[in-house]
Amino acid sequence: MSQYIQRQTSLRNQLLTSGYEGMLVFGYENIRYLCGFSGHAATLLISHEQCLLITDYRYFERAQKEAEQAEVVLRHRDTESLGQCLSRLSGQLKVLAFDAAHIDVGQWQQISKELSGRVLTPILGLVEQLRQVKTAHEITRIRQAAQIADQALADTLPLIKEGVSERDLALELDYRMQKLGSEGVSFDTILLFGARSALPHGNPSKQTLQHGDLILIDFGAVVDGYRSDMTRTYVYGTPSTRQRAMFDTVQTAQQAALARARAGLDCQVLNEAAHAVLLDSDFAQYAGEGLGHGLGLFLHEQPFIKSGVNYHLEQGNVITIEPGIYIPGYGGVRLEEDIAITEAGYELLTHSPQHFEL
C-alpha cells in the first residue's frame with residue numbers, strides 16, 4: 001500500500017469518527033503530506049469516496065506529475081471562484097471540516113458564502129497529528145537535510161573572521177546549503193554577533209564581527225520538503241569566564257534532556273530535565289522557555305517539548321532539543337540538535353561538533 005493511501009485512509013478514519021463527510025485542506029504542507037503535490041495555489045477536497053486536488057493552470061501539469069492517489073482538477077480562475085468550484089465538486093456532501101489554520105478570514109468568508117447549505121466546521125491540527133510520527137522514509141529525508149546543513153556549516157566556518165558581517169556570512173551559509181542540494185532554506189537563517197546573539201530569532205544585519213563576540217547560528221536545509229534545524233554558538237577568540245559558563249550550562253542542560261529521550265517519555269519530563277539545569281544555574285532568569293518542537297514538512301510542528309503539553313513521545317517522532325540562555329545587552333547561547341525517537345532512546349541526526357572557540 002502506498003504511503004499516500006495509508007495517510008488518506010488514516011484521515012478518513014478520523015473524519016468518520018468525528019462525524020464529517022469530508023474535509024477541505026488548505027495548508028500546502030498538509031496537501032503535500034496527503035498526496036505528494038509540492039506546489040502552491042491548491043486545495044484538497046477529501047471525502048470517504050474521493051480525493052480531489054484543485055489547482056489552476058500555473059500548477060496543473062506539475063500536479064498531474066506529482067500528485068498520487070488524487071484526481072487533479074483544473075479550475076479556471078477567470079470563470080469560476082474557488083468557492084464555486086468547491087460547491088460543484090462537493091456534490092451531496094453536507095458536513096465538512098476545514099483546515100482553519102491555513103486560510104485567512106477574508107478568503108473563508110467568500111468561500112463559505114458559496115458553500116451555503118452545508119455545515120462547515122473549523123478544525124485545528126487534525127492532519128498535523130497524523131504527521132507527528134514519521135515513517136522511515138521521512139526520517140531519511142530529514143537525516144539527509146541535516147547532513148547537508150552539517151557540511152555547509154563546516155564549509156562556512158573558515159570564512160569567519162573579524163570584520164565579516166552577519167548578513168554576508170548568512171548568505172554564504174545559505175549558498176553552500178543550496179549548492180549541496182538543499183531546496184532553498186528550512187527558514188530564514190539566524191546568524192547574530194555579540195549582544196545581538198541574545199535575540200532568539202533575530203535577523204542578520206550589517207553588524208560586523210569583533211574579537212570576543214559570541215556568534216549564534218541557527219539554520220537548516222530542505223530535502224523533498226523535509227526540514228532540518230540546527231543551532232551552534234561560538235565565541236570568536238578566547239571566551240570570557242561568563243561566556244564559558246553560559247555555554248557549559250546550556251550544553252549540560254541539553255545533555256540532561258538527551259539522556260532521558262526515549263519512546264514513552266512525557267514531553268513535560270523531557271522539558272523539565274533541561275530546565276532543572278538552567279534554573280539551578282546563575283542564568284536562571286535568562287533561560288529560554290520551552291525545549292524544542294517536532295520537525296518535518298513544517299519547521300515547527302507537533303509535538304512541542306514544553307510545559308503543559310500532555311504527550312508521550314513515540315518511536316518515529318523527530319524533535320529538536322534546543323535549550324538556551326539569552327542575556328539582553330550581553331549575548332545568548334543556544335545549542336540545538338535534531339533527534340529521531342527510538343524505543344530505547346534516540347538517533348542523533350545533526351552531527352556538527354559543539355566546539356565553542358573559533
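Helix α9 and helix α10 cross in a right-handed way (right-handed if the near helix is turned clockwise from the far one by less than a right angle, left-handed if anticlockwise). This is a predicted model, in which local features need pLDDT of at least 70, side-chain atom pairs count only at pLDDT 80 or more, and totals for chains, interfaces and linings use all residues. Residues are numbered from 1 along each chain as its sequence is written, and side-chain values use heavy atoms, without hydrogens and water.

**Stop 1: α9 and α10.** Select residues 241–258 for α9 and 267–279 for α10. Helices here are DSSP runs of H or I with at least four residues, strands are runs of E with at least two, and both are numbered from the N terminus. The two axes come within 8 Å and cross at roughly 155 degrees. Axes are lines fitted to C-alpha atoms, for helices over the stretch in contact, and angles run from 0 to 180 degrees between N-to-C directions. The angle therefore makes α9 roughly antiparallel to α10 (over 145 degrees; under 35 is roughly parallel, 65 to 115 roughly perpendicular, the rest oblique).

Now show the side chains in contact, meaning heavy atoms within 4.5 Å. On α9 pick T249, T252, A253, A256 and A257; on α10 pick L270, A273, A274, V277 and L278. These residues divide into 8 nonpolar, 2 polar and no charged. Nonpolar covers Ala, Val, Leu, Ile, Met, Phe, Trp, Tyr, Cys and Pro; charged covers Asp, Glu, Lys and Arg; the others, Gly among them, are polar.

**Stop 2: α1 and α2.** Select 3–18 and 28–35, where the helix axes come within 7 Å and cross at roughly 115 degrees. Y4, R7, Q8 and L11 of α1 meet R32, Y33, L34 and C35 of α2. This contact has 5 nonpolar, 1 polar and 2 charged residues.

**Stop 3: two domains.** Colour 3–131 as domain 1 and 133–348 as domain 2; such bounds come from an automatic or database domain assignment. Their C-alpha centres are 34 Å apart. Domain 1 gives 12 residues to the contact and domain 2 gives 14. About 970 Å² is buried between them, 47% of it from carbon and sulfur atoms (accessible area, 1.4 Å probe, that two parts lose on being put together, summed over both). In domain 1, E29, R32 and R131 lose the most area, together 56% of what that side buries.

**Stop 4: two backbone details.** Zoom to Q302 and P303, joined by a cis peptide bond with omega about 0 degrees. P303 lies in strand β13, residues 301–305. Finally, select A41, in the loop between α2 and β2 (43–47). A41 has a positive phi of about 50 degrees although it is not a glycine.
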